[in-house]
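Here are my notes for you to read beside the model. Keep the structure open and find each residue as it comes up.

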Amino acid sequence: MGKKALVIGLDGVPHGLLASMMQQGVMPFLHGIASANAFGAMEVTLPPISSVSWTSFATGEAPCHHGIFGFTDITRDHALAFPTFLDVKCPTLFDKLGQTGRRSIVINLPATYPARAFPGVLISGFVAPDLARAVFPPALLPRLQAMNYRIDVDLAAIRADPAKLYPELHATLASRRTIATTLLKEEEWDLFFLVITGTDRLHHFHFDHWADEGSDARQSFLDYYTAVDNVLQELCTSFIARSGNDEHMMMFLSDHGFTSLQQEVYCNTVLQESGYLRFLNDNPRMISHLDPAQTRAFALDPGRIYLNRTDRFARGTVLPADVPALRAEIEAVFRALTFEHQPVFQDVKRREDIYSGPCAHLAPDLVLVPHRGFDPKGAISNEIFKRGTLTGMHTHDDAFWIVASAQPFAPPRTILDCSALLTSFFTQER
């Protein structure tokens, strides 16, 4: 008898919100799965961003092993870089399953662009700018093009006209549903993995709709979740039918939690005003415009602080012997930062507190952990605090998991535990 697993990621869905959705009858199918099996909250790896969390789940390793610390990175010459799937430093679960002759179907998993040779089918998720390079095997591309497959919602269109958010969300979900149901029924697979990222997009733009009791906006929010629940029901029903007598597992999870956004916090402005960061001109547009000779520290999204170390950067200014004192200074600056008498950060993690592995030297020197409502940014701004157009932000806690499996298991406390649970399902003999 073989084994089959279905994994569905609901990007950015917090445990608390999902529990309320299910209790209110918005997601009756998922509620039934959760009630009959196991449902809980967990933490994710720091920083709590999709590229880091989903890569951690896909590899079963922390960032200090897989080498992805955010959607952006910086080179030894202080040039902005964008890590890709090819930069992941360790094998994924899909690769390991492939070595045992098992096939995976993976759809819309963030940080898997560009698609590479893969033991099964891969359709990359965000950030994937070119569909032609987001598909393996390439023979699948014409089929996706013919159905006008959407990698993501049109973020530019939504920013220009917020009324387009819900139509974009439903159109993208319908596109995802079509290819997922088709491949689930037609392809051979042992692991089927789909991520729905519309939930994350909804929360960023309109997490405020959730709390707007009795409004049309809140109903639109709930209607989208009901549409997601319908997709889950269709996929799970097909999965169970295809599994037949095979032992099977179903897992649902998110890559981070979410909460209401009160203020964006521009960390490079904090560093600049404190004398740690200088730019080459008076109107910098990105962090790569920093002045290496006069910069001792800078920030990247989300809340990653890097010292301009001589042992890390070609034009570094901070000697290894000076790192402890300087890091303590900067840590104190951020711990003391307040907004309207409220502390902004609940913790400041040092590199060695959270990273220990072959890629730890690439990790940020400090990671800022904000209080709920304060979103640390690495962009350039002339103000420390701003209230932008977005209403929701990520949290490292309050992610969720649901597991349906005949195998006994310990409730996962972290996203790495979820990955280990999935690996154990395929490797343990009954």
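How many aromatic pairs does a search of the whole structure find?

1. The count is 19 aromatic pairs, from a search of the whole structure. Keep in mind that this is a predicted model.

2. Start with Phe69 and Tyr355. Their ring centres are 5.3 Å apart, and their planes stand at 90 degrees. Planes over 60 degrees apart count as edge-to-face, so this pair is edge-to-face. Phe69 sits in the loop between helix H4 (63-66) and strand E3 (73-74). Tyr355 sits in the loop between helix H13 (351-354) and strand E17 (366-370).

3. Next, look at Phe339 and Phe374. This aromatic pair is also edge-to-face, with 6.1 Å from centre to centre and 70 degrees between the planes. Phe339 belongs to strand E14 (residues 338-339) and Phe374 to strand E18 (residues 374-377). They are 35 residues apart, and the pair links distant parts of the chain. Both Phe339 and Phe374 are buried.

4. Rings can also join into a group. Trp54, Phe57, Phe94, Phe118 and Phe193 form a cluster, linked by ring pairs. Remember Trp54; it returns in point 7.

5. Now take helix H2 (residues 28-36). Which of its residues are buried? They are Phe29, Leu30, Ile33 and Ala34. Seen down the axis of H2, these buried residues fall within an arc of 130 degrees, so they line one face of the helix. The face turned away from the buried side carries the exposed residues Pro28, Ser35 and Ala36. What do the buried residues of H2 pack against? Their partners include two helices by name, H1 (15-23) and H10 (216-243). Strands E1 (3-10), E2 (38-42), E9 (247-253) and E21 (399-405) are also among them.

6. The whole structure holds two cavities of 30 Å³ or more. The largest cavity has a volume of about 60 Å³. Its lining is made of Asp152, Val153, Leu169, Thr172, Leu173, Arg176, Ile196, Thr197, Gly198 and Tyr224. Helix H8 (residues 165-186) gives the largest share, four residues. By class, the lining has five nonpolar, three polar and two charged residues.

7. The second largest cavity has a volume of about 50 Å³. Trp54 is one of its lining residues, and others include Phe85, Val88, Leu109 and Pro110. Which helix gives the most to this lining? Helix H3 (residues 50-59) does, with four residues. The lining has seven nonpolar and four polar residues, and no charged ones.

8. Strand E16 (345-350) and helix H14 (415-427) each supply at least two lining residues. The lining of this pocket divides into nine nonpolar, four polar and two charged residues.

Key. Residues numbered from 1 in each chain as written. Predicted model: local features only at pLDDT ≥ 70, side-chain atom pairs only at ≥ 80, totals over all residues. Heavy atoms only, no water. Nonpolar A, V, L, I, M, F, W, Y, C, P; charged D, E, K, R; others polar. 1 Å grid on protein atoms, 1.4 Å probe; cavity = no way out; pocket = protein on both sides within 12 Å on 5 of 7 lines; lining within 4 Å. Points joined across faces, edges and corners; volume = space filled by probe spheres on them. Buried < 20%, exposed > 50% of the residue type's maximum accessible area, 1.4 Å probe, protein only. Arc of directions from axis to C-beta. Contact = heavy atoms within 4.5 Å. Phe/Tyr/Trp six-rings, centres within 6.5 Å; stacked < 30°, edge-to-face > 60°.
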